[in-house]
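This briefing walks through selected features of one protein model, grouped by topic. Please have the sequence and the coordinates open while reading.

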Amino acid sequence: MFALIEENGYGIRDAIYHVKKKGKGMAGMEKVDSMAMVEAMLTMYENSQGYYMWDSFAAGVAFSTMRNGESNGGNEFAELEYMNITVITSNEPYGVRDGSNPFFDGGATPKFGLKEGGVHSGHVQTGIRNSFCLVPGSNSGRCQDGYTKEVSGSEGVRVRVATSAKPNTDNSSTFDREFVKNFLKVLNLPKQTGRFSITTQFPYYREVLYKPDFMNVSRGKPVIFDMDMSPGDFVSLIYLLKAPREFLTEVTLLKCSRGFWSMAWANIASIDVVYDILHMMGRDDMPVGVGNATAWGTPTLGCTNDYAIPMGSGGFIDSDTLYGLARSLPRSPRRYTPKSSDDPEHRQPLAFEVWQSVRKQLGPGDKITVLTSGLLTNLANISLSDRDASSVIERVYVVGLIRDGGHEKGNVFTVPSNKYAEFNMFLDPLAAKTVIESNLNITLIPLTVQRKAASFGAVLEALEQTQQTPELKSVHGLCSLLKELQSKHNLYHHVA
């Protein structure tokens with residue numbers, strides 16, 4: 001970049017600036033005076049592309065495979081191939097015990113049968129400014145905790161990975177990806193449309209639960225959607241609820257109990273937003289389970305990476321955002337009820353309790369499809385608590401990880417000392433390792449492909465022109481709010 005500028009007549013006394021905070025004038029400009037600053041600028045730009053469309057793209061890939069089968073016709077939205085990967089949980093040099101690694105330190109033998117000198121035996125990042133991870137004289141870091149690497153040999157696990165988002169087959173369309181065209185079409189379908197809009201419900205509001213009649217409908221496949229309750233997850237939920245019921249009848253929701261799962265982008269109040277969306281769509285029959293409030297194994301293993309969660313003005317950033325969304329939705333009679341409540345009969349079910357209930361209701365030959373858009377804590381807990389879980393799980397779709405061989409930047413924008421990690425893996429790397437190394441059939445939707453599938457600006461423009469259903473209006477309102485917040489507040493710079 002500097003060489004190109006010199007070719008155009010500028011010299012060493014000239015400076016390069018980029019817009020870090022929009023709407024702030026010169027105060028929002030940041031000087032680019034080193035290669036480290038160039039990398040930081042490019043990372044910020046990459047993390048701003050289509051952020052809340054990633055989960056919806058993964059839902060589309062999962063649904064396409066469920067509808068078409070794994071071998072009949074392929075996937076409409078993504079190219080898929082098998083790779084051998086592992087989740088890195090420590091940093092080189094391996095085998096050196098410095099007190100940071102709870103798997104190896106403090107015991108005669110490593111925990112979980114891990115290998116001395118292996119990729120999990122090195123230094124574990126202990127904080128946002130961990131000196132081990134910082135590169136002297138640079139704003140970037142070298143740690144790779146939570147990074148996914150393609151490997152060979154016994155450390156690798158064979159997993160199906162989405163390698164690219166398929167281009168739009170309609171050359172006359174303004175969208176460059178096939179999924180985006182389908183996404184807008186599905187939201188505008190008159191079938192499975194929302195029962196209410198906020199303007200029509202309240203004059204006639206009654207505490208009534210609305211459940212679909214499946215008497216004359218062929219039962220579709222059961223799906224468990226394990227979400228971290230970011231705004232993108234709510235868009236994905238609406239997209240799944242619009243699917244034809246002969247393909248997808250039952251959706252069970254597992255979710256974190258607070259911020260990014262302590263560690264999710266939202267908190268328990270956001271569960272009420274889920275209930276409201278299900279009520280709007282006439283699906284009060286769907287169970288909702290609350291998962292772990294911390295990373296898997298905490299505090300025993302000491303995984304406290306929740307310091308990386310971006311904060312809003314009063315809590316975790318997405319909690320603040322979703323409070324506004326809740327005001328535009330119809331109110332469901334179902335609400336979050338804590339365990340200590342005086343109404344134990346209606347206590348909020350736990351994720352594993354919901355899993356057990358869904359499994360008991362399976363018919364002969366039925367299998368469950370699992371879609372995870374956040375941390376893998378719930379799924380790790382299920383796979384270890386129910387040793388036979390893999391026998392009833394057809395496939396797991398995982399949003400996260402990075403498949404590039406060390407060149408792809410991560411998206412943990414709050415931790416500059418770790419430029420390679422992906423959020424869902426970084427916040428609970430042990431759960432990710434447990435799931436990836438299990439005998440589950442897994443399809444990955446890695447960060448590389450998520451970025452290629454993003455068309456946030458084009459989607460928002462199309463939403464403004466085609467508001468025909470209550471659910472499409474809800475999606476448009478949420479996306480418009482996110483765009484406005486991104487232009488006015490630096491806290492939302494990661495949003496498209």
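Phe57, Phe77, Phe179, Phe183 and Tyr239 form one aromatic cluster, where rings of Phe, Tyr and Trp (its six-membered ring) pair if their centres lie within 6.5 Å. This is a predicted model, in which local features need pLDDT of at least 70 and side-chain atom pairs count only at pLDDT 80 or more, whereas totals for chains, interfaces and linings use all residues. Residues are numbered from 1 along each chain as its sequence is written, and side-chain values use heavy atoms, with hydrogens and water left out.

**Aromatic pairs**

- A search of the whole structure finds 5 aromatic pairs; planes under 30 degrees apart count as stacked, over 60 as edge-to-face and the rest as tilted.
- The rings of Phe57 and Phe179 are edge-to-face, because their centres are 5.7 Å apart and their planes stand at 80 degrees.
- Since Phe57 lies in helix α3 (residues 54-68) and Phe179 in helix α4, this pair ties together parts that are 122 residues apart in sequence; helices (H or I, at least four residues) and strands (E, at least two) are DSSP runs, numbered from the N terminus.
- Phe57 and Phe179 are buried, a term that means under 20% relative accessible area, with exposed over 50% and partly exposed in between (1.4 Å probe, protein chains only).
- Phe179 also pairs with Tyr239, with ring centres 5.7 Å apart and planes at 70 degrees, so this pair is edge-to-face.
- With Phe179 in helix α4 and Tyr239 in helix α6 (residues 231-241), the pair ties together parts that are 60 residues apart in sequence.

**Packing of α4 and α14**

- The axes of helix α4 (residues 178-187) and helix α14 (residues 456-465) come within 11 Å and cross at roughly 25 degrees, the axes being lines fitted to C-alpha atoms over the stretch in contact, with angles running from 0 to 180 degrees between N-to-C directions.
- That makes α4 roughly parallel to α14, a class that takes angles under 35 degrees.
- Val180, Phe183, Leu184 and Leu187 in α4 meet Val459, Ala462 and Leu463 in α14, contact meaning heavy atoms within 4.5 Å.

**Cis peptide bond**

- Glu92 and Pro93 are joined by a cis peptide bond, with omega about 5 degrees, although most peptide bonds are trans.
- Pro93 lies in the loop between β3 (78-87) and β4 (148-150).

**Whole chain**

- The secondary structure of the protein chain comes to 15 helices and 11 strands, and 54% of its 496 residues count as buried.

Terms used:
Parallel < 35°, antiparallel > 145°, perpendicular 65-115°, else oblique.
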